[in-house]
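Here is a short walk through one protein model. Keep the sequence and the 3D view side by side as you read.

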Amino acid sequence: MKLTTTNLQQPMMAKFALLTLLTLGTLISLPSHATTLSAAQQQVVKSHFDKLAQSQQQAEERMTEQLDQEFSRQLAEQEHQLMRETCPRYGMTFDVSSNACLRS
C-alpha cells in the first residue's frame, strides 16, 4: 500500500475534529455545574482575596524600598566618583565626610 499525504491527513483531521468537539463540549458543560456560593463561602473568598491583596501590597512596598536604597547607593557612589575626578582638576582633594572639594 502506498501512503500519500491525503491518506495521512484524513485520520489527523478526524482526530483533530474529535478533540475540538470534546473540548467544546467540556467548556459548555462546565458552567452548568457551577454552584452559587453561600454568604459564608463568599466571605471566605473575600477574606482570601483581601489577604492576597495585602501580601501583594507588602511585597511591592518591600521591593520599592529595596530599589530606592539601591538607587541611593548607586547615586552616592557615582557622585563620589565624579568628585574624585573633578576636584583634582582644580587643585583640590575630595573629602568624603564633608562631601566637598577641599583646598590642599
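Start with the charged pairs. This is a predicted model, and a search of the whole structure finds three salt bridges. Each can be located in turn.

Asp50 pairs with Lys46. Their closest N and O atoms are 2.8 Å apart. Why can these two side chains be placed about one helical turn from each other? Because Asp50 and Lys46 are four residues apart in helix α2. Asp50 has a relative accessibility of 40%, so it counts as partly exposed. Lys46, at 45%, is likewise partly exposed.

Move along to Arg73. Glu70 forms a salt bridge with Arg73, with 2.6 Å between the closest N and O atoms. Both residues lie in helix α2, three residues apart, about one turn of the helix. Arg73 also meets Glu77 in a salt bridge, at 2.9 Å from N to O. Glu77 and Arg73 are four residues apart in helix α2, so about one helical turn separates them. Together, Glu70, Arg73 and Glu77 are linked in a network of salt bridges.

How buried or exposed are the members of this network? Glu70 is partly exposed, with a relative accessible area of 32%. Arg73 is partly exposed too, at 42% relative accessibility. Glu77 comes in at 44%, which again counts as partly exposed.

Now look at the nonpolar side of the story. Leu37, Val45, Phe49 and Leu52 form a nonpolar patch on the surface. Together they have about 350 Å² of accessible area. Phe49 is found in helix α2. Phe49 has 52% relative accessibility; the cut-off for exposed is over 50%, so Phe49 counts as exposed.

Step back to the whole chain. The protein chain has two helices and two strands. From the N terminus on, the order is α-α-β-β. Of the 104 residues, 4% are buried. The accessible surface of the chain comes to about 9400 Å². Carbon and sulfur atoms account for 62% of that surface.

Next, the strands. β1 and β2 run antiparallel and are joined by four bridges. Met92 stands opposite Arg103 in β2. In a regular strand, side chains alternate between the two faces of the sheet.

The hairpin of β1 and β2 has four residues between the strands. Which residue there takes a positive phi? It is Asn99, with phi near 60°. Asn99 is found in the loop between β1 (92–95) and β2 (100–103). The positive value occurs here in a residue other than glycine. Asn99 has a relative accessible area of 41%, so it is partly exposed.

The mean pLDDT of the protein chain is 84. Of its residues, 83% reach 70 or more. Where is confidence highest, and where is it lowest? Helix α2 (residues 39–86) has the highest confidence, at a mean of 94. Helix α1 (residues 5–33) has the lowest, at a mean of 68. Over residues 1–6, pLDDT stays under 50. For that stretch, the model has two contacts beyond four places in sequence. Where pLDDT is low, the predicted coordinates should not be read in detail.

Key. Residues numbered from 1 in each chain as written. Predicted model: local features only at pLDDT ≥ 70, side-chain atom pairs only at ≥ 80, totals over all residues. Heavy atoms only, no water. pLDDT = per-residue confidence, 0-100. Contact = heavy atoms within 4.5 Å. Patch = residues over 30% accessible without salt bridge, like charges linked within 9 Å, V, L, I, M, F, W, Y side chains within 5 Å. Areas by Shrake-Rupley, 256 points an atom, 1.4 Å probe, with all protein chains shown as cover. Salt bridge = Lys/Arg side-chain N within 4 Å of Asp/Glu carboxyl O. Buried < 20%, exposed > 50% of the residue type's maximum accessible area, 1.4 Å probe, protein only. Pairing = 2+ DSSP bridges.
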